[in-house]
Structure formats: C-alpha cells, structure tokens
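Thanks, everyone. I would like to take a few minutes to walk through one model, beginning with the whole chain and ending with a single residue.

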Amino acid sequence: MDISEIVVGVVDVGAPKNIGWAIKFRGQDETGQNLDDFIGRYRELVTHHPGVLGFEAPLFIPVNRQLAKITSQRCGEAGRPWSAGAGATVTTIGLAVMSHVFEGLRKNLADSSFTLGWHDWSPEESILVFEAFVSGVAHAGKGDHHLDALKAANMFSSAYPDLSAANAVEETRVLSLAGACMLRAGVIVEEQDALSAPVLVIKP
C-alpha cells in the first residue's frame with residue numbers, strides 16, 4: 001500500500017500547553033496543539049482509512065536486567081536515557097497523554113484493532129502504534145511542538161515500508177507502556193501479551 005493512503009498521526013507529548021500534533025494523509029499535512037482536536041480528526045480519518053499512530057515519548061522500558069543497569073539507557077538511545085532528565089519526565093507524561101488518546105479513540109473505533117507488531121504489520125488489518133524519538137538538535141524551536149510531530153510523521157513516511165531497517169532502539173525484554181495504556185483504555189489489541197511487546201522506534 002502506498003504511504004499516501006495511510007493516515008500518519010503523531011502526538012508530541014507534553015503538558016497540555018506544550019502538546020503538538022500532526023497528521024499526514026494523501027499529500028496533505030495538518031497540525032495543531034489541542035489534543036482533543038487531534039483525537040477527533042484522527043478518528044474521523046481512520047474510520048475509513050488505514051492508520052498509524054505515533055507518540056513522541058518512550059513507549060517501553062527495558063526489564064530483567066542486572067540491578068546496576070535497570071535504569072540504564074535503552075540500546076539505541078545514544079546518551080538520552082528514558083530514565084533521566086527530560087526522558088523521565090516525558091515517559092511519565094506520556095502515560096497520561098496516551099491513555100487520553102486511546103480513551104478518545106475507543107469511543108468511535110470500537111471495532112478497530114491496534115498493534116505494536118511492525119514486523120508483519122498489514123495496514124488493512126490494524127492501526128500500528130510506534131514511538132517517535134525526536135531529541136537534541138532534531139527538536140524544532142521552543143513552542144513549535146507541532147513541528148516535532150510533523151518531523152516524526154515525515155520520518156515514518158520515509159521509512160515505510162521497510163520499518164525493521166528503520167527501528168532505532170533494540171530491546172527484547174520490555175515492559176510496554178503503550179500496551180498498558182491500550183489495555184487500560186479497552187481498545188482491541190492484537191498482541192496476546194501487549195505488556196511485553198517491543199515497539200517500533202523511529203528517530204532522525
């Protein structure tokens with residue numbers, strides 16, 4: 001399937017005043033800052049078209065490591081660990097933002113399923129959830145959070161369909177925060193054990 005026929009939605013996670021979002025579909029870009037506006041527009045589009053949904057926040061953390069390494073960075077984070085500084089903050093805020101989004105989508109997408117499995121993803125069958133990793137110099141200017149979301153949407157679009165080659169963080173034993181939020185919201189999740197499923201990470 002051509003990427004232009006897939007609704008690519010991304011939320012740049014932050015406090016309500018610092019949220020930004022972007023949607024790419026059929027060559028058109030839409031951006032905004034109100035999370036409920038994003039939910040409504042994304043829900044409208046994916047009711048009739050395939051979709052992917054990205055969050056610019058860590059969507060999983062590594063588990064079953066040696067004690068000394070339980071808060072160490074994930075393989076591929078390159079000096080910007082999920083557990084420290086901005087990473088720790090956005091990891092926590094991401095739980096609230098993701099939960100709000102999935103709750104909002106469930107109301108009108110009761111029959112739609114979500115997946116974390118990018119290796120064998122079929123756009124016609126489920127909405128793929130992925131992590132956008134936009135950090136450091138890749139960030140847009142202060143207040144331009146919608147531009148970070150748009151950059152992530154462009155990154156995914158450029159990576160598709162060879163998503164495995166684009167995956168930037170490799171961890172096999174994880175606690176999936178995205179899976180936990182989906183299960184709590186009550187959306188349909190393809191994975192039998194969504195709590196332990198790694199997530200596709202796209203970064204510049």
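How far apart are the mean positions of the positive and negative charges of the protein chain? Please keep in mind that this is a predicted model, and that the answer computed from it is 8 Å, taken between the mean positions of 16 positive and 24 negative charges.

Turning to the overall dimensions, the C-alpha trace spans about 50 × 40 × 30 Å along its principal axes. The radius of gyration of the protein chain is 15 Å, which agrees with the value near 17 Å that a compact globule of 204 residues would have. As for secondary structure, the chain comes to five helices and ten strands.

On burial, 50% of the 204 residues in the protein chain are buried, while the accessible surface comes to about 9500 Å², with carbon and sulfur atoms accounting for 51% of that area. If we consider the contacts between residues at least 6 apart in sequence, 69% of them join residues that are at least 24 apart.

Why does S176 count as buried? Because its relative accessibility is 0%, and the cut-off for buried is under 20%.

Conventions
Residues are numbered from 1 along each chain as its sequence is written. This is a predicted model: local features need pLDDT of at least 70, side-chain atom pairs count only at pLDDT 80 or more; totals for chains, interfaces and linings use all residues. Side-chain values use heavy atoms; hydrogens and water are left out. Helices (H or I, at least four residues) and strands (E, at least two) are DSSP runs, numbered from the N terminus. The radius of gyration is taken over C-alpha atoms; the globule rule is 2.2 Å times the number of residues to the power 0.38. Buried means under 20% relative accessible area, exposed over 50%, partly exposed in between (1.4 Å probe, protein chains only). Contact means heavy atoms within 4.5 Å. Accessible areas come from the Shrake-Rupley method with a 1.4 Å probe; for residues, only the protein chains shown count as cover. Lys and Arg count as positive and Asp and Glu as negative; His and the chain ends are not counted. The place of a charge is taken as NZ of Lys, CZ of Arg, CG of Asp or CD of Glu.
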